[in-house]
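Dear colleague,

Here is the structure I said I would pass on. My notes follow below it.

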Amino acid sequence: LRRLERFGDNGDLSSVGELRYVLARHSSGASGKTAVLVLWTEGHCSLLHLFPQNGDAPGTDPSGVVRPAHARRLLSAAERGEPYAMTFYTVEGATPASLHDWYRSSLESAGWAVRDGLADGSLLATRGSRSLVVHPSTAKARRTTVALLELS
C-alpha cells in the first residue's frame, strides 16, 4: 500500500517495482505466427515526465531526419543496442497530406530513397542500411500525428 501511495504522489513506476509487460497475439491466418511485444522498465520511470503538457517528451529524434516546423515529440522509444526505434510527433497546423509531401521532399533532399508505403498516406524511406516508415494521421482539427518507425 505504501508503494502505491508513493506512486500516486510521484508518478514513478519504480515506486511500485520494475514493470514487466508481455503481449502475445496469435494470427488466425494461414501463417499461424504469433507476434510478441515485451516492455519493461529499469530504474526510475516517471509517467509524469513521459507525457508533458508542453515541450518535448524525453527521448531522441531519428538521426538524419529533420523535424517539421511546429512539431512536438510525444513519445520516443528504442531497443537498446539495436537499430529499431519509434518516435511520435504532433504537428500543429498540418494535414496528413501536407506532412506526407514535406517528409518526401525533406528525406529525398537528405539522400533518402523514398516511395509510398503500404498504408495509405505512409512513406518508406531507405538510406544505406537504414529503413524508415513515416505515417502521418489526423489526431484533431489542424493537428496531425506522425509516427516514425526505424526498422533497420
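Ser15 sits in the loop that joins helix 1 (2-10) to strand 1 (20-26); helices (H or I, at least four residues) and strands (E, at least two) are DSSP runs, numbered from the N terminus. This is a predicted model, in which local features need pLDDT of at least 70 and side-chain atom pairs count only at pLDDT 80 or more, while totals for chains, interfaces and linings use all residues. Residues are numbered from 1 along each chain as its sequence is written, and side-chain values use heavy atoms, with hydrogens and water left out.

Ser15 has a relative accessible area of 7% and is therefore buried (under 20% relative accessible area; exposed is over 50%, partly exposed in between; 1.4 Å probe, protein chains only). Leaving aside residues up to four places away in sequence, Ser15 touches Arg3, Arg6, Phe7 and Asn10 (a contact means heavy atoms within 4.5 Å).

**The chain**

The protein chain has three helices and eight strands, in the order α-β-β-α-β-β-α-β-β-β-β from the N terminus. Its C-alpha atoms fill a box of roughly 55 × 45 × 30 Å along the principal axes. Of its 152 residues, 27% count as buried. Among contacts with a separation of 6 or more, 37% are between residues 24 or more positions apart.

Mean pLDDT (the predictor's confidence in each residue, from 0 to 100) is 88 for the protein chain, and 97% of the residues score at least 70. Confidence is lowest in helix 2, with a mean of 77, and highest in strand 6 (residues 123-127), at 96.

**The largest pocket**

The largest pocket has a volume of about 1200 Å³. A pocket here is an open set of points on a 1 Å grid over the protein atoms alone, where a 1.4 Å probe fits, with protein on both sides within 12 Å along at least five of seven lines; lining residues have an atom within 4 Å of a point. Grid points are joined across faces, edges and corners, and the volume is the space filled by probe spheres set on the points.

The lining has 24 residues, with Leu39, Trp40, Ser76, Ala77 and Ala78 nearest the centre. Strand 2 (34-40), helix 2 (47-50), strand 3 (71-78) and strand 4 (85-92) each supply at least two residues, and strand 2 gives the most, with five. By class, 18 lining residues are nonpolar, three polar and three charged (Ala, Val, Leu, Ile, Met, Phe, Trp, Tyr, Cys and Pro count as nonpolar, Asp, Glu, Lys and Arg as charged, and the others, Gly among them, as polar).

Regards
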